[in-house]
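Have the model open while you read.

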Amino acid sequence: MKFYFMHLMPYADLDLSYDEKHDSAWVTLPNTYFDPKRGHQLYNRYLDELEYADQLGFDGICVNEHHSNAYGLMPIPGVMAGALARRTKNVKIAILGRALPLLNNPLTVAEEFAMVDNITGGRLIAGMVRGIGAEYHSWGVNPAFSHERFQEAHDLILQAWTQAGPSIFEGKHYNFEYVNVWPRVYQDNPHPPIWIPSQGSSETIEWAAHPDRKYTYLQTFASVSTVARYMKMYKDVAAGYGYEATEDQLGWSLPLYVAETDEIARREAREHIEAFLQKFLRMPMEMLLPPGYTSVKSMVGALSAKAGHSMKQTIDSVIEEGKFICGSPATVREKLEEYQAQIGFGHLLTLLQFGTLPAELTRKNMEIYSKEVMPYLRNVTAKKAA
Amino acid sequence: MSFTESTETITGCNVRFMRGGKGAPLLFLHGSSGAARWAPFMEKLAESYDVIVPEHPGFGASGSPEWLDGMSDLAFFYLDVIDRLGLDKVNLVGGSIGGWLAAEIAIRNETKLNSLTVVAPAGIRVKGLRKGDVFMWNAEATARNLFHDQAYAEQMLATPPSKEGLEVILKNKLTTAKLAWEPRFYNPDLHKWLHRISVPTLIVWGDDDKIVPAGYGPAWQELIPNSRLEIIENCGHLPQIEKSDRFVQLVDGFIREVTR
């Protein structure tokens, strides 16, 4: 199993009483809540944390793309990846983004990723997503064409990376007379690894697991039972195509906090994970699921599920569901070992900074995790593989 | 209620029609909430007209054809519908995006039209005159913003939709997004060609429209040479529902006046 340090780069200095006046930390939260002086400090602190992960022996670091919100300050993740490319030496750099349908010219992604891949000598992992619903409000892009634009942008980028240029691209949303991206990708056999982060979608799994692609499916922030269900679906789809999915094709991304004891871990994490859940993730359904973002059928399901239990997420509820792993090293080891054995994922992306979690607790979390959890799990999974 | 329902396959798409009454043809083009029911204003118009109410491709019980990508497709589709039904001297009436659609049809080919009525139409942009963001509103905000008289909103909210009803609402919203998400509820080219409309045109607006503000009325009137603007007081985005008597009186009076 491989270990990644994932960052969202939230605006941790957010005035958390914003929700007395505004219904979301996304799209419409006035950007006057952002103080550039604090922003300067936060960006540099977060980049330091990502660089520190390289020194602590993580296999990779992950940056992310979201727009117009306090939840994540990386609207252009390539800027972060570029800064990290030179300051890290060993880690893979996963850009999870880019939200392809938001772009009028997806070749910018082919270029940006190829540049990072060249600078790092092949340490790039190329993420491709549709973006979350709120992004379609912020960017004005029509969500009704989200799926077709994603497919087409993907095909265009793959063509740019794998066919000798110049070539022609004839699509519905995108058309080019000269696809001829300079630089070519460094990992050109056939192209950099492609990861598909998703909140869970059978259509996405069908597509990612196809033998022509075999992309790594990355389940983001979801209960253990949901993670298990979607990863089993991936394996079943692969089996249906006549091959066996490897652990390398399955990844899980979740927030995690480990401290000296269970009690200390809960006490230290509580207010910060609850700020993440209740303040940074806060958005109405109309923002989260604009028309066309998912099928009408899934949307009816989501709306009825919401009507069923619109309860507030707390540290207890997310620990209970396994959306958040929190505890002593022994507790965290035990849970991860159990879930890994049961689900069989090969990439574990941990969000070791979340919400308002301050620098010193983030570093402590990273240190304990990398010293007391990672090596143990490396051993266990290596033995299993052998 | 004196109407019949039928489904016709036109240009590869199953379309549900409601039709009732006798007289000159009146083709009503619904807005983004569809036309599931035979409404009181349709019944009243059916006393004097052959009222034809299709559900647009992508809405309600009609099919969602592969070819539907935008308003232009829908406008050409309705020229097919007029041909297929063999209609002539049609009185075309459309509300909201249906009004926009009616104008898109008329600029393409108005030879089969007798008159045009657009009710609070989307379709053009007046800079600085912002439309309501219907995609950001929840069910309650939508109901409240649709009407001036909140009793209509209360009535709408009193009966939450069934699962099937919710599916239709989401389907209608998806097709509305397809047609109008970006650019938001307008066609950047439409205003350039509205001068081509020469059939007599009536523009109807509620003075308290929170979706397409009544300030758009004068802009439409200016762009269509042979047009008249009627503002209905104490009325929201759906005059045909909220002020149905006044609406029917205006439309009927206008059509009688322009039909020799």
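In this predicted model, the rule turns up one salt bridge across the interface of chain B and chain A. The partners are A:K172 and B:D69, and their closest N and O atoms sit 2.7 Å apart. On the side of chain B that touches chain A, the residues split into eight nonpolar, one polar and seven charged. Polar contacts across the interface of chain B and chain A come to five residue pairs, with both residues at pLDDT 80 or more.

How much area is buried between the two chains? About 1600 Å² is buried between chain B and chain A, and carbon and sulfur atoms give 76% of that. Three residues, B:M136, B:L170 and B:W181, supply 41% of the area that chain B buries against chain A, more than any other three. As for who takes part, the contact draws 20 residues from chain A and 16 residues from chain B.

Now for the aromatics. Searching the whole structure gives 25 aromatic pairs over all chains. In one of them, B:F3 and B:W38, the ring centres are 4.8 Å apart and the planes lie at 15°, under the 30 degrees cut-off, so the pair counts as stacked. B:F3 belongs to the segment before β1 (4-10) of chain B, while B:W38 is in the loop between β3 (24-29) and α1 (40-45), so the pair ties together parts 35 residues apart in sequence.

| Residue | Relative accessible area | Class |
|---|---|---|
| B:F3 | 25% | partly exposed |
| B:W38 | 7% | buried |

Over in chain A, one aromatic cluster is made up of A:F3, A:F5, A:F58 and A:Y369.

Terms used: Residues numbered from 1 in each chain as written. Chains lettered and ligands numbered in written order. Predicted model: local features only at pLDDT ≥ 70, side-chain atom pairs only at ≥ 80, totals over all residues. Heavy atoms only, no water. Contact = heavy atoms within 4.5 Å. Buried area = accessible area lost by both parts, 1.4 Å probe. Salt bridge = Lys/Arg side-chain N within 4 Å of Asp/Glu carboxyl O. Polar contact = N/O pair within 3.5 Å; in protein donor to acceptor, adjacent residues only side chain to side chain. Nonpolar A, V, L, I, M, F, W, Y, C, P; charged D, E, K, R; others polar. Phe/Tyr/Trp six-rings, centres within 6.5 Å; stacked < 30°, edge-to-face > 60°. Helix = DSSP H or I, 4+ residues; strand = E, 2+ residues; numbered from the N terminus. Buried < 20%, exposed > 50% of the residue type's maximum accessible area, 1.4 Å probe, protein only.
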